[in-house]
Every structure is written in structure tokens, then in C-alpha cells.
Amino acid sequence: MMEFSFEYYDWLKEININTSIIKSVAFFGVLLLIVPARLLAIFMSTEVKKKFLWLVFVFILATWILGSLVVLVMATSVPSGLKLFLAWLAVLCNVLGFTVANHSRLYKIYEQQLAKGFYKN
């Protein structure tokens, strides 16, 4: 019978041993997603760019707040960095799914706020 190898990759070993890596990614690393988003926005038309950047802003802000809270709470009782990484990855996927599924409603909220004058361009 064939057996599977359950050896960690080197970067997974490092995350599992050192929980400060995932804490720093949860608190500050999400902000690095702004760079590829801005690069993608260069190739878009003005109307699409406005909607895309608003959705990226919602995604990054929600992931930053919820992900850092989950990691902060779990870090007090979970010694494994791999479990923290998987919990943070679950938050990231859930927020991404929510943003993609509700993109039109989120943009309508943004347009309503623009019409009321809450945001200045």
C-alpha cells in the first residue's frame, strides 16, 4: 500500500515554530495587497477602476480588522503558528467571497454615500 508523506515544507515549519510571522502578516501584511491592486487598476477604464478600487478597499479593510482580531484572540491560547495561519486564511477567503458575492450592493452603498456628500473626491 502506498503511504502519503506528511513532511512539512520549510516555510510551513517556520510558520509553525514562529507565531510572530503570522501575527505580523495579519496586522500589517494585508496592507501589501494594495500594491498589486494599484498595478491592476492601471490597465482598467475609469469607471471600472473606481468600482474595483472601492471593492479592494472594502476587502483589505475587512480582512485587516477581522483577521487581526481572530489572530490576536487565538494567539493567546494556540501555540501553533500553522493553526493561526489557517484561521487567518479562512477569514481571508470568507471576506473575499463576501466581497465578490455582494459587489454590486457594496458599490451602491458607496454611490449613496457619495451622493450624500460624506466622501470628497
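Predicted model: local features only at pLDDT ≥ 70, side-chain atom pairs only at ≥ 80, totals over all residues.
User: Which residues make the nonpolar surface patch?
Analyst: Leu-31, Ile-34, Phe-57, Leu-61, Trp-64, Ile-65, Leu-66, Leu-69 and Leu-72. The patch is about 760 Å². Patch residues have over 30% relative accessible area and no salt bridge, and nonpolar side chains (Val, Leu, Ile, Met, Phe, Trp, Tyr) are joined within 5 Å, like charges within 9 Å. A salt bridge is a side-chain nitrogen of Lys or Arg within 4 Å of a carboxyl oxygen of Asp or Glu. Areas come from the Shrake-Rupley method with a 1.4 Å probe, and for residues only the protein chains shown count as cover.

User: Which helix gives the largest share?
Analyst: Helix 4, residues 46–75, with seven residues. Helices are DSSP runs (H or I, at least four residues), numbered from the N terminus.

User: Leu-66 and Thr-63: buried or exposed?
Analyst: Both lie in helix 4. Leu-66 is partly exposed, because its relative accessibility is 42%. Thr-63 is at 0%, so it counts as buried. Buried means under 20% relative accessible area, exposed over 50%, partly exposed in between (1.4 Å probe, protein chains only).

User: What is Thr-63 in contact with?
Analyst: Val-30, Ser-68, Leu-92 and Val-95, leaving aside neighbours within four places in sequence. Contact means heavy atoms within 4.5 Å.

User: Switching to helix 5. How many residues does it have?
Analyst: Helix 5 has 21 residues. From first C-alpha to last it reaches 30 Å, close to the 30 Å expected at 1.5 Å a residue. The expected span is 1.5 Å times one less than the number of residues.

User: Which of its residues are buried, and what covers them?
Analyst: The buried residues of helix 5 are Gly-81, Leu-82, Leu-84, Phe-85, Ala-87, Trp-88, Val-91, Leu-92, Val-95 and Thr-99. Their cover includes helix 1 (10–17), helix 2 (19–27), helix 4 and helix 6 (103–116).

User: And Leu-96?
Analyst: Leu-96 is in helix 5. It counts as partly exposed because its relative accessibility is 44%. Leu-96 and Ile-60 are 36 residues apart in sequence and 9.1 Å apart in space, C-alpha to C-alpha.

Technical notes:
Residues numbered from 1 in each chain as written. Heavy atoms only, no water. Helix = DSSP H or I, 4+ residues; strand = E, 2+ residues; numbered from the N terminus.
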